[in-house]
Amino acid sequence: MTIATNALRLTRQQIAQRVAHDIPDGSVVNLGIGIPTLVSDYLPADREILMHSENGILGMGPLAAEGEGDPDLINASRQRITLMPGASICEHTVSFAMMRGGKLDYTVLGGFQVAANGDLANWITDAPDAIPAVGGAMDLAVGARRVYVTMEHVTREGAPRLLEKCAYPLTGLACVDRIYTDLAVIDIGNHGFEVYAIAQGLPLDRLQALTGAKLHTPKSPRILRLDAEGLVQYA
């Protein structure tokens with residue numbers, strides 16, 4: 001299934017930027033592997049947001065510049081990171097106690113599939129050479145107060161990733177609150193997928209054709225567009 005040629009399609013960096021600007025001031029946030037690790041680079045300077053990493057960091061800063069940084073200071077994706085003033089380092093047991101104890105306001109996770117009821121599959125696919133990668137995703141999915149998932153709307157082959165029911169083994173049941181894709185921002189509501197925002201130039205019926213479950217629009221969707229500086233805004 002092709003996407004409208006004149007439609008905006010967000011890059012991984014633009015998805016991360018939109019997520020970062022939707023996180024409210026004063027939040028404690030965990031970032032998972034993949035697109036989520038980019039979120040720390042786009043946090044608004046006028047907000048105090050405390051970043052957590054499951055490998056034992058509270059107060060994580062942006063990614064270190066290429067070729068710089070301490071090899072012992074890494075995020076969940078093994079990328080070198082910086083620390084904010086006052087940051088603390090702890091062992092895994094303490095870090096996972098934060099995750100399991102409901103101390104995180106938000107977690108931003110990558111995803112392979114999300115179901116209309118909020119089920120998440122993000123640790124293994126059905127590919128013959130797939131390598132299981134559980135990590136702390138199961139703890140985060142059930143421990144954080146709100147779960148945001150970042151992903152491309154369809155696979156490389158064009159198959160939907162947003163489905164009525166996940167085909168891959170699940171990470172968590174009914175745990176997802178919002179999904180950020182390259183084409184839309186979609187909430188999990190009482191009746192399933194609710195379109196909060198859609199990419200500029202993409203008709204709703206085309207987004208529906210790229211989605212494996214019914215989309216609902218209890219409110220008129222906002223439009224994802226780029227401003228003069230290339231930042232993703234809601235219109």
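Which residues lie nearest the centre of the largest pocket? They are Ile33, Gly110, Gly111, Phe112 and Asn122, out of 42 lining residues. This is a predicted model, where local features need pLDDT of at least 70, side-chain atom pairs count only at pLDDT 80 or more, and totals for chains, interfaces and linings use all residues. Residues are numbered from 1 along each chain as its sequence is written, and side-chain values use heavy atoms, with hydrogens and water left out.

Start with the pockets. On a 1 Å grid over the protein atoms alone, a pocket is an open set of points where a 1.4 Å probe fits, with protein on both sides within 12 Å along at least five of seven lines. Lining residues have an atom within 4 Å of a point. A volume is the space filled by probe spheres set on the points, which are joined across faces, edges and corners. The largest pocket has a volume of about 1100 Å³. Its lining takes at least two residues from each of α2 (92-100), β5 and α3 (137-143). Helices (H or I, at least four residues) and strands (E, at least two) are DSSP runs, numbered from the N terminus. By class, the lining of the largest pocket holds 19 nonpolar, 15 polar and eight charged residues. Here Ala, Val, Leu, Ile, Met, Phe, Trp, Tyr, Cys and Pro count as nonpolar, Asp, Glu, Lys and Arg as charged, and the others, Gly among them, as polar.

The second largest pocket holds about 380 Å³ of space. Its lining has 21 residues, and Leu43, Arg47, Glu48, Ile49 and Met84 are the closest to its centre. β2 (50-53), β3 and β4 each give two or more residues to this lining. The lining of the second largest pocket divides into 13 nonpolar, five polar and three charged residues.

Leucine 38 sits in the loop between β1 (28-31) and β2. Is leucine 38 buried or exposed? Its relative accessibility is 14%, so it counts as buried. The cut-offs, with a 1.4 Å probe and protein chains only, are under 20% relative accessible area for buried, over 50% for exposed, and in between for partly exposed. Leucine 38 and proline 62 are 24 residues apart in sequence, and 8.1 Å separates them in space, C-alpha to C-alpha.

Now the aromatic rings. Rings of Phe, Tyr and Trp (its six-membered ring) pair if their centres lie within 6.5 Å; planes under 30 degrees apart count as stacked, over 60 as edge-to-face and the rest as tilted. That rule gives four aromatic pairs. Phenylalanine 112 and tyrosine 168 form an edge-to-face pair, 6.3 Å centre to centre with 85° between the planes. Phenylalanine 112 lies in the loop between β5 (106-110) and β6 (113-115), and tyrosine 168 in the loop between β9 and β10, so the pair ties together parts that are 56 residues apart in sequence. Phenylalanine 112 is partly exposed at 29% relative accessible area, whereas tyrosine 168 is buried at 19%.

Tyrosine 196 and tyrosine 234 also pair edge-to-face, at 5.3 Å centre to centre and 85° between the planes. What does this pair tie together? Tyrosine 196 is in strand β12 (residues 192-199) and tyrosine 234 in strand β15 (residues 232-234), so the pair links parts that are 38 residues apart in sequence. Tyrosine 196 is partly exposed, at 27%; tyrosine 234 is buried, at 14%. Tyrosine 196 has a charge over its face too: arginine 178 lies there, 4.3 Å from the ring centre. The rule requires NZ of Lys or CZ of Arg within 6 Å of the ring centre and within 35 degrees of the ring normal. Elsewhere, Tyr106, Tyr148 and Tyr180 form one aromatic cluster.

Next, the cysteines. How many disulfides does a search of the whole structure find? It finds zero, with a disulfide taken as a pair of cysteine sulfur atoms within 2.5 Å. Cysteine 175 is in no disulfide, and its nearest cysteine sulfur, that of cysteine 166, is 9.0 Å away. Cysteine 175 is buried at 9% relative accessibility, while cysteine 90 is partly exposed at 21%.

Last, the backbone. Most residues other than glycine have a negative phi. Arginine 78 has a positive phi, near 65°. It lies in the loop between β3 (57-63) and β4 (81-89) and is exposed, at 71% relative accessible area. Alanine 174 also has a positive phi, near 45°. Its loop runs between β9 (162-163) and β10 (178-180), and alanine 174 is exposed at 53%.
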